[in-house]
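Let's walk through a protein together, starting with the whole chain and then moving to a few side chains. Keep the picture in view as you read.

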Amino acid sequence: MADGKKTGEDETYVALRSERRRHLRKEVPVLRVGGADSKGVFFGYAKTIGTGGMFLSSVNPKKVGQEFHITFRLPGDKEDIKCRCVVAWLREYSSLIDIEPGMGIRYLDLDEDNKKKIDEWVKKG
C-alpha cells in the first residue's frame, strides 16, 4: 500500500494522504495569528498556510469542530486578513515524537480577494 495501490483483485489506485489535499500549502517560518472566541483572545503561530486553511502550532489546541475568528498578515503584506474558521483536526503533544502539537484549521468565510492573495503568495514559492 506504500505506493498507493490497493492489494488483491481490485487494482484501482487510492489517493495518498499528500495527494488528497484540495489546496496547495506553503510552509511559513513563523506567522503570528491572533484569534478570539467565547473564552477570550489567543495567539498562535502558523506553520503552513493555504487557501483552504492553515496549521497553527499550539500546546493547547482547541477542540475539533470549535469555531473562532482569526486575524493574520502574510509576510510582506500590509493588510490583515480576518475570517472565521473551524478546527478540522488536532495533533496533540507527545513526548515520544518530535512533531509540533497544534491544530489544522479550515477557513469558513474567507473572501475571494483574500483567497486569491493567499493563493498567489503560496504559488510564489
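Among contacts in the protein (heavy atoms within 4.5 Å) between residues at least 6 apart in sequence, 49% join residues at least 24 apart. What you see is a predicted model, in which local features need pLDDT of at least 70 and side-chain atom pairs count only at pLDDT 80 or more, while totals for chains, interfaces and linings use all residues. Residues are numbered from 1 along each chain as its sequence is written, and side-chain values use heavy atoms, with hydrogens and water left out.

Now follow the chain from its N terminus: the elements run β-β-β-β-β-β-α, giving six strands and one helix. Both are DSSP runs numbered from the N terminus, with at least four residues (H or I) for a helix and at least two (E) for a strand. Of the 125 residues, 34% are buried; buried means under 20% relative accessible area, exposed means over 50%, and partly exposed is in between (1.4 Å probe, protein chains only).

Let's stop at Ser57, which belongs to strand 3 (residues 53-57). Is Ser57 buried or exposed? Its relative accessibility is 15%, so Ser57 counts as buried. Beyond the residues up to four places away in sequence, Ser57 touches several others, including Tyr45, Lys47 and Glu100. With Glu100, the side chain of Ser57 makes a polar contact of 2.8 Å. Such a contact is a pair of N or O atoms within 3.5 Å; within protein, one must be able to donate a hydrogen and the other to accept it, and residues adjacent in sequence count only if both atoms are side-chain atoms.

Glu100 has another partner: it forms a salt bridge with Lys47, with the closest N and O atoms 3.7 Å apart. Glu100 lies in the loop between strand 5 (81-91) and strand 6 (102-107) and Lys47 in strand 2 (residues 40-50), so the pair ties together parts that are 53 residues apart in sequence. A salt bridge is a side-chain nitrogen of Lys or Arg within 4 Å of a carboxyl oxygen of Asp or Glu. Side chains of opposite charge can pair when their charged atoms come close.

How many salt bridges does a search of the whole structure find? It finds six. One of them joins Lys123 and Asp119, at 3.1 Å between the closest N and O atoms. Both residues lie in helix 1 (residues 112-124), four residues apart, about one turn of the helix. Lys123 is exposed at 56% relative accessible area, whereas Asp119 is partly exposed at 25%.
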